[in-house]
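Hi everyone, thanks for making time this morning. I'd like to walk you through one model, starting with a sheet and finishing with a pocket.

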Amino acid sequence: MSKLSGSKKAAQFSESVIREMTRLSQQYGGVNLSQGFPDFPAPAAVKAAACDAIKADVNQYAVTWGARPLREAVAREFTRRYGVLIVADEQVTVCCGTTEAMMATMMAIIDPGDEVVIFEPFYENYGPDAILSGATPRYVTLHEPDWTFDPDELASAFNNKTKAIIINTPNNPTGKVFTRTELEMIAVLCRKWDAIAITDEIYEHIIYDGQRHVPIATIEGMADRTVTLNGLSKTYSVTGWRVGWTISPPSLTGAIRKVHDFLTVGAPAPLQEAGALALGLPGDYYAALAANYQQRRDRLLAILDRHHFTCFKPGGAYYIMTDISAFGFPDDVAFARYLVKDVGVAAVPGSSFYKTAAGRTKLRFCFCKKDETLAEADRRLEQLVPAGVTRH
Ligand SMILES: Cc1ncc(COP(=O)(O)O)c(C=O)c1O
């Protein structure tokens with residue numbers, strides 16, 4: 001074979017379907033309910049802090065593992081909220097988004113032959129993350145309609161080769177919020193098999209119906225074997241800033257920082273300064289964030305329901321998984337393409353979140369959008385007719 005081709009690793013996964021749907025949406029003038037980014041402004045104080053930092057010439061590399069004010073803020077807030085002492089110098093590493101935080105963590109801890117347990121459906125990136133880091137994924141099903149897992153199935157996914165389990169709570173794409181009892185079950189297995197919990201908590205503050213977010217690092221015996229990932233993207237509506245972080249046990253921080261340094265050197269310096277201010281926003285900012293998203297969730301649930309989708313009501317994050325069987329399309333990709341080209345609404349085919357065929361009857365919509373955007377999607381979806389029904 002010619003050497004002018006990509007690596008075997010790169011050949012094992014396809015380009016992101018989520019990002020592709022955004023491009024198709026732009027091409028066809030669609031209402032973009034695919035990729036999870038808000039179409040409304042970020043908080044004024046956070047934007048002003050970024051502008052101030054640039055004007056004050058915070059324009060050169062920050063310390064590779066993160067500017068001190070942001071690292072201190074990350075440690076302070078986690079300790080204040082959850083009562084687990086975090087030492088910024090030993091445990092916090094700032095990365096280019098939670099995306100890089102996950103990649104740096106996986107590359108820092110995985111050896112060839114190691115297995116990683118991943119719940120299915122999963123956030124699209126975790127599959128390529130596993131391939132690029134050399135891990136063998138072991139999938140465990142989250143069962144519809146409430147996305148619970150079978151404790152026996154989970155237990156049988158662990159063995160001597162298990163290096164880590166990836167948790168994402170609140171969860172993308174399902175909106176599942178893992179309960180303390182579920183996290184305790186996972187913790188028992190991590191302790192038994194000496195495995196690491198890598199937990200993506202990027203939707204920590206986007207949680208509904210009075211539920212509380214439980215970080216697995218707060219479960220007994222887990223602080224020393226958990227890498228918690230988070231970032232500015234979702235909490236402060238700045239997905240384009242690319243600032244995220246890891247909170248790791250000191251035993252893993254050195255490896256994560258080395259990988260991070262050689263992957264990206266560091267996250268944008270002025271935006272880290274703004275991040276330090278953002279993390280200090282008062283409690284009512286976070287309460288309003290969750291309350292506003294809950295309203296948008298209820299609005300999109302009502303719209304999708306009216307247009308014949310079967311919805312799985314999310315308890316957190318800003319996505320709604322739907323069942324599309326009523327429309328009689330051969331599969332989710334065909335339906336998503338029809339929806340963006342002919343109806344003018346972009347959503348993500350369910351198969352992007354599954355290894356198995358279960359995703360082929362599903363579509364994910366996001367609701368981190370202005371009222372007008374959701375109203376326009378509603379208007380366009382009027383054209384949709386379920387299979388077997390003719391419009392008069
Ligand atoms: C579960 C999850 N993790 C990570 C990310 C990406 O985060 P970041 O923008 O911090 O790289 C997303 C974005 O949609 C996500 O849904």
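**A sheet and a pocket**

Let's begin with strand S12 and strand S13 (residues 362–366): the two run antiparallel and are joined by two bridges. Before we go further, please keep in mind that this is a predicted model.

S12 and S13 belong to an open sheet of four strands, and the order is S9-S10-S13-S12, with antiparallel pairing. Which are the edge strands? They are strand S9 (310–312) and strand S12 (348–349), each of which pairs on one side only. As a reminder, strands of a sheet pair through backbone hydrogen bonds.

Next, look for what packs over this sheet. Helix H12, residues 283–306, lies across S9, S10 and S13. Relative to S10, which covers 319–323, H12 runs at about 20°.

The largest pocket has a volume of about 520 Å³. It is lined by 23 residues, and the closest to its centre are Phe 13, Ser 14, Glu 124, Gly 127 and Pro 128.

Where does that lining come from? At least two residues each are supplied by helix H2 (17–28), helix H6 (97–109), helix H7 (126–133) and strand S4 (136–141). H7 gives the largest share, with five residues. And what is the lining like by class? There are ten nonpolar, eight polar and five charged residues in the lining of the largest pocket.

That's my tour, so over to you!

Note on methods
Residues numbered from 1 in each chain as written. Predicted model: local features only at pLDDT ≥ 70, side-chain atom pairs only at ≥ 80, totals over all residues. Heavy atoms only, no water. 1 Å grid on protein atoms, 1.4 Å probe; cavity = no way out; pocket = protein on both sides within 12 Å on 5 of 7 lines; lining within 4 Å. Points joined across faces, edges and corners; volume = space filled by probe spheres on them. Nonpolar A, V, L, I, M, F, W, Y, C, P; charged D, E, K, R; others polar. Pairing = 2+ DSSP bridges. Contact = heavy atoms within 4.5 Å. Axes fitted to C-alpha atoms, helices over the stretch in contact; angles between N-to-C directions.
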